[in-house]
Amino acid sequence: MNISKILSGWKNYLAKAEVPETLAKQRAAHCAACPHAKHGKLLAFIKDNLTQVEGAYCNLCKCPLSAKVRSTDVCPINKWQ
Ligand code: SF4
């Protein structure tokens, strides 16, 4: 996990500017179908219009998916870039 990229993702999540929402939506669809996407109790309070990844994190990199799909990070198993 690259902390700076994930922080950038959270910034994008809050601002919803740098990564196009259409791209984030495509990534979220991949994550929603992925067995490595898990739901975290600590993320349950974070609402997201991308409901497929709301409250979820990637079990491989431990990144919150609401932030990850909006960051310049990549999927650890190359399901999306
Ligand atoms: S980032 Fe990749 S490995 Fe992680 S949940 Fe999404 S699709 Fe799965």
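Predicted model: local features only at pLDDT ≥ 70, side-chain atom pairs only at ≥ 80, totals over all residues.
Trainee: OK. How many helices and strands does the chain come to?

Mentor: The chain has three helices and two strands.

Trainee: And what pattern does the chain follow along the sequence?

Mentor: The order is α-α-β-β-α.

Trainee: How much of the chain counts as buried?

Mentor: The chain has 81 residues, and 41% of them count as buried.

Trainee: What share of the contacts with a separation of 6 or more comes from residues 24 or more positions apart?

Mentor: Such pairs account for 48% of those contacts.

Trainee: Let's turn to the ligand. Which residues are around it?

Mentor: The residues around the ligand are Cys31, Cys34, His36, Ala37, Cys58, Leu60, Lys68, Cys75, Pro76, Ile77, Lys79 and Trp80.

Trainee: How does that shell divide into nonpolar, polar and charged?

Mentor: Nine residues of the shell are nonpolar, one is polar and two are charged.

Trainee: What is the space taken by the ligand?

Mentor: That space is the largest cavity.

Trainee: Lys68 is in that list. Where is Lys68 found?

Mentor: Lys68 belongs to helix α3, which covers residues 65-68.

Trainee: Is Lys68 buried or exposed, and why?

Mentor: Lys68 has a relative accessible area of 2%, so it is buried. The cut-off for buried is under 20%.

Trainee: What does the side chain of Lys68 make a polar contact with?

Mentor: Its partner is the side chain of Asp73, at 2.9 Å.

Trainee: And which residues does Lys68 touch, leaving out those up to four places away in sequence?

Mentor: Lys68 touches Arg27, Cys58, Cys61, Cys63, Asp73, Val74, Cys75, Pro76 and Trp80. Cys58, Cys75, Pro76 and Trp80 are also among the residues around the ligand.

Trainee: Now the loop between β1 and β2. Asp48 has its place there. Is Asp48 buried or exposed?

Mentor: Asp48 is buried, because its relative accessible area is 5%.

Trainee: What does the side chain of Asp48 reach?

Mentor: The side chain of Asp48 comes to 2.8 Å from the backbone nitrogen of Leu50. There is also a polar contact of 2.6 Å between the side chains of Asp48 and Ser66.

Trainee: What about Gly40, where is its place?

Mentor: Gly40 sits in the loop between β1 and β2. Gly40 is buried, with a relative accessible area of 15%.

Trainee: Which residues is Gly40 in contact with, beyond its neighbours within four places?

Mentor: Those are Gly55 and Tyr57. Gly40 and Gly55 are 15 residues apart along the chain, and their C-alpha atoms are separated by 6.0 Å.

Trainee: Switching to α2. Which residues does Lys25 touch, not counting those up to four places away?

Mentor: Lys25, which lies in helix α2, touches Leu50 and Gln52. From Lys25 to Val53, 28 residues along the chain, the C-alpha separation is 9.4 Å.

Trainee: Is Pro35 buried or exposed?

Mentor: Pro35 is exposed, because its relative accessible area is 57%; the cut-off for exposed is over 50%. The C-alpha atoms of Pro35 and Cys58 are 9.2 Å from each other, with the two residues 23 apart along the chain.

Trainee: Where is Asn78 found?

Mentor: Asn78 is in the segment after α3. Its relative accessibility is 58%, so Asn78 counts as exposed.

Trainee: Ser71 lies in the segment after α3 too. Is Ser71 buried or exposed?

Mentor: Ser71 is buried, because its relative accessible area is 1%.

Trainee: How many residues apart in sequence are Ser71 and Trp10?

Mentor: They are 61 residues apart in sequence, and 7.5 Å apart in space, C-alpha to C-alpha.

Terms used
Residues numbered from 1 in each chain as written. Heavy atoms only, no water. Buried < 20%, exposed > 50% of the residue type's maximum accessible area, 1.4 Å probe, protein only. Helix = DSSP H or I, 4+ residues; strand = E, 2+ residues; numbered from the N terminus. Polar contact = N/O pair within 3.5 Å; in protein donor to acceptor, adjacent residues only side chain to side chain. Contact = heavy atoms within 4.5 Å. Near = heavy atom within 4 Å. 1 Å grid on protein atoms, 1.4 Å probe; cavity = no way out; pocket = protein on both sides within 12 Å on 5 of 7 lines; lining within 4 Å. Sits in = over half its atoms within 2 Å of the grid points. Nonpolar A, V, L, I, M, F, W, Y, C, P; charged D, E, K, R; others polar.
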